[in-house]
Structures are given as structure tokens and as C-alpha cells.
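Please read this report alongside the sequence and the structure shown below.

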Amino acid sequence: MITILGIESSCDDTSAAIIRDGVICSNVIAGQAVHERYGGVVPELASRAHQQNIIPVVHDALKQAGITKEEITAVAFTRGPGLLGSLLVGTSFAKGFSSALNIPLVEVNHLQAHVLAHFIKEDEQDQNQPVFPFLCLLVSGGNSQIILVKSYDDMDIIGKTIDDAAGEAFDKCAKVMGLGYPGGPVVDRLAKLGNPHRFTFSKPRIEGYDYSFSGLKTSFLYFLRDELKKDPDFIEKNKEDLCSSLQKTIIDILMDKLYQASVDLHIKEVAVAGGVSANSGLRNAFEEYSNQYGWKIHIPKFAYTTDNAAMVAITGYYKYLSGEFAAPDVAPYARVSI
Ligand code: KG4
């Protein structure tokens, strides 16, 4: 039996999870409300909160899994990408833990972990995992990528954003409307009440599978500025339609390229991952493409969409099986590709 403790601390969520032979036993996440009033994550505050949270979170993960620390086979941690001060907390904890218990240490790439979240089994009978090769749309606050996943450790980014990520487009446009941070979930909620065809915003024209969201953000900003001159209450009166039209535009941009990649590569096994995969409109779009084009789709459980240690533990599990261990002097990295 292989039992992996996963540790995630790349941004503003401190998380610990236990995975046993690929099956989830616990996944504990402590968020950080401290950032809300600043309209974004404050790195210094994030690392301090990780320091406070890490021990209780690991303790809870063990307790919920009903195991003792002596039963852990290896500890996997997020090495990057992420905020360096935040990553240092998880990395240092994992190193200390593996050294104290004399068990292997496994480093995990955060982006790879988002993709491999689809392999977390809910129970031993769970057979819903994707079949290689598949396409994964990774959409979060920092990334918008189309990844060709050939095996657990062989992935190619075939398309990526050349400026803002999809989550940033949601968050920045929400901020302009005064909807708070993070804006993605608020836009999603209001979008359900509005008309997605009421307003039209600009879509980028870029070759290949790359994305761009900065033009949309600018077009949204200028549109609101002009309308607010005519009616200072424009946003308040139209926020449902604004959110609905904005959300539709972002989803159309994401799906158009993903569809093209699927056609070109003859791959109909398609997954979505990252924080923005919580978006109900995007989930519906996946269902529609599945019905219309025969895609076999993989949509993660809500608990595995945002940052979580279960995805780190499952990635650690597969790296453990292939004998890929980290050196004791391993240090986190803020920037790294998949
Ligand atoms: O993967 P994630 O938790 O971490 C970062 O990359 O930071 O993604 C967070 C992003 C934020 O931009 C947030 O607004 C977005 O995911 N998000 C959503 C929804 N839930 C989270 N965007 C649209 N609709 C949602 N329901």
C-alpha cells in the first residue's frame, strides 16, 4: 500500500491531502480571507498565513484520513510555479517531514498537478480517468493553456495566453464593475441571471492555439467608460447582462481554440482544469461540445478545481511509482513551465 501526503502552498491556499493507492482519503484546504480587502493576493501576507496554517492543516488531513504519520510512504510538495515566499513554507515543511520520518520526498509541478487531478479516484471502483492522449484546457488566475497530455509525465503546451489569463480577464473586468475579488465566481453567479447576447466585446485574432485576453479587458473598460458618461447607473442597471455577455465572450474564446486543436489532432478526449473550470458556463459548454461533437469530457469535482493538495498527492503518487525523488537540498522555483 502506497500512502502519499500532498502539500500545496503555491498561492493563497494552504492544503494537505492523503492519497492511498490513487484513492482520495482526505483533502483539507485553508483559504486566506486576509487578501479580500486588498483586491488581490498580498505575497507577504500569504506566506505568513501559510506558516500559521500548515501544521493544523496537515494534522486535519491525517485525522480525516484516519491514519498516523508513521503510515505515510512519501511526502509530495508543490515546488512551483507560484509565489516564492508561499512555496518556501510548503517546501520547508515537506523537507522537514520527510527527513524526520526518513521517507522519500517528491517534488511536484503545480501545473502538471492541475492536469493530473483527473486521475484522483474517489474509491477503488472509480474508472472515470482520462485515456492518453487527451487535451486539457488549463484555465486559472495565472494560466490559460491547451495541453496535449501524452502520459503522466509527458505533456506539451500547444497553446497558451500571450498576455492575461482567463481568470485575470474575469477578475479584472469584475473589478471594473466593483464586484470585489476574486470576481470570477461573482460574474458566474450574475451571468446566470442575464442575457449573454445583449453586448458584444472584441475577440482576439491570433494564429494557432494561443490565447489573448488583454484586448477584451480593454474593450470592456472603454465600453463601460462610454456608457457611464451617458448614465452613471449603467453598471448597476445592467450588471447581469454585462456579466453574462462577458462570460460568453471568454468561453467562446477558450472553446474555439480548443475545438480547433481537437479537430487538428483528432483527439476527442478533452479535460478542463484550474480555478476557472469551476465556471458553470464553461462546464455547460463542455457538455454541449460533448453532445455535438462526441467529445468524451472530463470535468473535475469543484474541490479539485482551485488549488488543492489532492492533485499534488496524486502527481506525487505517479512520480513515486516511477522512482522520481527530490534531492534533500531542493529549493522552490517561482517560474517554471509544465
Ligand atoms: O487555479 P486558481 O484557484 O488559482 C490561481 O491561478 O490563482 O484560479 C483562480 C481563478 C481566479 O481568477 C478566479 O476568479 C477564477 O479562478 N474562478 C472563476 C470561478 N471560480 C474561480 N472564474 C469564473 N467562474 C468561476 N465560477
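## Ligand site

How many residues surround the ligand, and which are the closest? The model is a predicted one. In it, 17 residues surround the ligand, and the closest are Gly-141, Asp-171, Asp-188, Gly-275 and Asn-279. By residue class, the shell divides into five nonpolar, nine polar and three charged residues.

The backbone of Gly-141 places a polar atom 2.9 Å from an oxygen atom of the ligand. In the side chain of Asp-171, an N or O atom is 2.6 Å from an oxygen atom of the ligand. The protein buries 85% of the 550 Å² that the ligand exposes when taken alone.

## Where the shell comes from

Two helices can be named as contributors to the shell around the ligand: helix 4 (166-176) and helix 5 (184-191) each supply at least two residues. At the level of domains, the shell draws at least three residues from domain 1 (3-126 + 304-321) and at least three from domain 2 (134-301).

## Domains

How is the protein chain divided? Domain 1 covers 3-126 + 304-321, and domain 2 covers 134-301. The centres of domain 1 and domain 2, taken over C-alpha atoms, are separated by 27 Å. To the contact, domain 1 gives 16 residues and domain 2 gives 24 residues.

## Phe-134

Phe-134 lies in strand 6, which spans residues 134-139. Is Phe-134 buried or exposed? With a relative accessible area of 0%, below the 20% cut-off, Phe-134 counts as buried.

Beyond its neighbours within four places in sequence, Phe-134 is in contact with Val-115, Phe-119, Ile-147, Leu-148, Val-149, Ile-267, Glu-269 and Ala-271. One of these, Ala-271, is 137 residues from Phe-134 along the chain, yet the two C-alpha atoms are separated by 7.3 Å.

Most peptide bonds are trans. Pro-81 lies in the loop between strand 4 (74-80) and helix 2 (84-101).

The bond that joins Phe-132 and Pro-133 is also cis, and its omega is about -10 degrees. Pro-133 is placed in the loop between helix 3 (110-116) and strand 6.

## Positive phi angles

Most residues other than glycine have a negative phi. Asp-21 has a positive value, near 50 degrees, and is not a glycine. The residue lies in the loop between strand 2 (14-20) and strand 3 (23-30). Asp-21 counts as partly exposed because its relative accessibility is 36%.

Asn-102 is not a glycine either, and its phi is positive at about 55 degrees. The loop that holds Asn-102 runs between helix 2 and strand 5 (105-109). What is the relative accessible area of Asn-102? The value is 69%, so Asn-102 is exposed.

## Side chains that reach the backbone

Ser-245 is found in helix 7, residues 234-265. Its relative accessible area is 1%, so Ser-245 counts as buried.

Arg-79 is placed in strand 4. The side chain of Arg-79 reaches the backbone oxygen of Ala-331 at 2.7 Å. Not counting residues up to four places away in sequence, Arg-79 touches Leu-87, Glu-107, Val-108, Val-330, Ala-331, Pro-332 and Tyr-333.

Terms used: Residues are numbered from 1 along each chain as its sequence is written. This is a predicted model: local features need pLDDT of at least 70, side-chain atom pairs count only at pLDDT 80 or more; totals for chains, interfaces and linings use all residues. Side-chain values use heavy atoms; hydrogens and water are left out. A residue is near a molecule or strand if one of its heavy atoms lies within 4 Å of it. A polar contact is a pair of N or O atoms within 3.5 Å; within protein, one must be able to donate a hydrogen and the other to accept it, and residues adjacent in sequence count only if both atoms are side-chain atoms. Accessible areas come from the Shrake-Rupley method with a 1.4 Å probe; for residues, only the protein chains shown count as cover. Helices (H or I, at least four residues) and strands (E, at least two) are DSSP runs, numbered from the N terminus. Ala, Val, Leu, Ile, Met, Phe, Trp, Tyr, Cys and Pro count as nonpolar, Asp, Glu, Lys and Arg as charged, and the others, Gly among them, as polar. Domain bounds come from an automatic or database domain assignment. Buried means under 20% relative accessible area, exposed over 50%, partly exposed in between (1.4 Å probe, protein chains only). Contact means heavy atoms within 4.5 Å.
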